[in-house]
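Dear colleague,

Please find the structure we discussed below, with the sequence alongside. My notes on what was found in it follow.

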Amino acid sequence: AVVSTQNREFQTFQHYFKQINLRMVFYFHTVVNGRQYTLYMGKDKMENEDLLRWAWPEDVWFHVDKLSSAHVYLRLNKGEAVSAIPTELVNQCCQLVKANSIQGCKLAAVDVVYTPYPNLKKTGDMVAGQVGFHKSKKVIKVNIEKNNEVWKKLEKTREEREVDLQSEREARDREEREDEKKRQAIIRDEEKKRIEAEKKEKQMRSYQLMDTDPHLTTSNQFENEEDAERELLDDFM
């Protein structure tokens, strides 16, 4: 009975701990040039703080320049570069962040800045939702005109979920480490095979040289010559 009570208390604690780590995140989905993409943003500035901490390295951050707005993130597919993001996709991200700016949504056009997530800098003296950059040259600015049709189309894909951002990031990092271990194992195996192949090729070249060079004597030739000498000595005796 005591153990059962302890288990229930532990399960209650686990549930509570999981609940306090949950954050409301809005997800949007789109397809550009045949590839699927996910855009996401937090419900408010507190969610933005968690997104700033637990976004993924392949994410790209969007924000209306010099105005208050949502923090919109674009999750790129692995191997894709920020410089290669299709113009259509950039426009969708910009329209979404503009529509979620109290001031920006009223304007005919705004400037939007975007940069790779790892370029974001957060210091202790910054207020919630405030962010800086490690390298300003990695920040791209575009001027975007209002296009309600684009963001309304994205709104139709809107999905609200309570997620544990930390757990998702940690799971992503574990998977990446496992993939890297497998990649390194393949590299080691290929290198081992290459060394063995080079060794065999070197041995073959050595044998071919011995077969074609009359000045080289094999061990079999030495043995035959020694046998002939012994036969001559036996005849002489």
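**Helix packing**

In this predicted model, α3 packs against helix α4 (residues 148–155) with the two axes 9 Å apart and an angle of about 85° between them. With angles of 65 to 115 degrees counting as roughly perpendicular, α3 is therefore roughly perpendicular to α4. On the α3 side, the contact is made by Asn91, Gln92, Gln95, Leu96 and Ala99. The residues of α4 that meet them are Val150, Trp151, Leu154 and Glu155.

**The chain as a whole**

The secondary structure comprises six helices and nine strands. The chain has 237 residues, of which 30% count as buried. Its accessible surface comes to about 16600 Å², and carbon and sulfur atoms account for 51% of that area. Among contacts with a separation of 6 or more, 68% are between residues 24 or more positions apart.

In soluble globular proteins, nonpolar side chains tend to be buried together. In the present model, the largest nonpolar core has 26 residues, and the members that touch the most others are Val60, Phe62, Leu74 and Ile85. At least two residues of this core come from each of β1 (22–32), β2 (35–42), β3 (59–64), β4 (72–75), α3 (87–99) and β5 (109–116). The greatest contribution is that of α3, which gives six residues.

Histidine 63 is placed in strand β3. With a relative accessible area of 14%, histidine 63 is buried, since the limit for that class is under 20%. Beyond residues up to four places away in sequence, histidine 63 touches Ser68, Ser69, Ala70, His71, Val97, Asp111, Val112 and Val113.

**Salt bridges**

The count of salt bridges comes to 18. One of interest joins the side chains of arginine 172 and glutamate 58, with an N to O distance of 2.8 Å. Arginine 172 belongs to helix α5 (residues 165–212), whereas glutamate 58 sits in the loop between α2 (45–54) and β3, so this pair ties together parts that are 114 residues apart in sequence. Are these two residues buried or exposed? Both arginine 172 and glutamate 58 are buried. The two also take part in a network of salt bridges that links Glu58, Arg169, Arg172, Asp173 and Glu176.

Two further pairs lie within helix α5. In one, glutamate 178 forms a salt bridge with lysine 181, and the closest N and O atoms are 3.7 Å apart. These two residues are three apart in helix α5, so about one helical turn separates them. Glutamate 178 counts as partly exposed, at 40% relative accessibility, while lysine 181 counts as exposed, at 54%.

In the other pair, arginine 194 forms a salt bridge with glutamate 191, the closest N and O atoms lying 2.4 Å apart. Arginine 194 and glutamate 191 are likewise three residues apart in helix α5, and therefore about one helical turn separates them. Arginine 194 is partly exposed at 38% relative accessibility, and glutamate 191 is partly exposed with a relative accessible area of 33%.

**Proline 57**

Where does proline 57 lie? It is found in the loop between α2 and β3. Proline 57 has a relative accessible area of 33% and is partly exposed. Its contacts, not counting residues up to four places away in sequence, are with Tyr117, Pro118, Arg169 and Arg172. Arg169 and Arg172 are also among the members of the salt-bridge network described above. The C-alpha atoms of proline 57 and aspartate 173 are separated by 9.7 Å, although these residues are 116 apart along the chain.

With kind regards

Methods: Residues are numbered from 1 along each chain as its sequence is written. This is a predicted model: local features need pLDDT of at least 70, side-chain atom pairs count only at pLDDT 80 or more; totals for chains, interfaces and linings use all residues. Side-chain values use heavy atoms; hydrogens and water are left out. A nonpolar core is a set of buried Ala, Val, Leu, Ile, Met, Phe, Trp, Tyr and Cys residues joined through side-chain atoms within 4.5 Å. Buried means under 20% relative accessible area, exposed over 50%, partly exposed in between (1.4 Å probe, protein chains only). Helices (H or I, at least four residues) and strands (E, at least two) are DSSP runs, numbered from the N terminus. A salt bridge is a side-chain nitrogen of Lys or Arg within 4 Å of a carboxyl oxygen of Asp or Glu. Contact means heavy atoms within 4.5 Å. Accessible areas come from the Shrake-Rupley method with a 1.4 Å probe; for residues, only the protein chains shown count as cover. Axes are lines fitted to C-alpha atoms, for helices over the stretch in contact, and angles run from 0 to 180 degrees between N-to-C directions. Angles under 35 degrees count as roughly parallel, over 145 as roughly antiparallel, 65 to 115 as roughly perpendicular and the rest as oblique.
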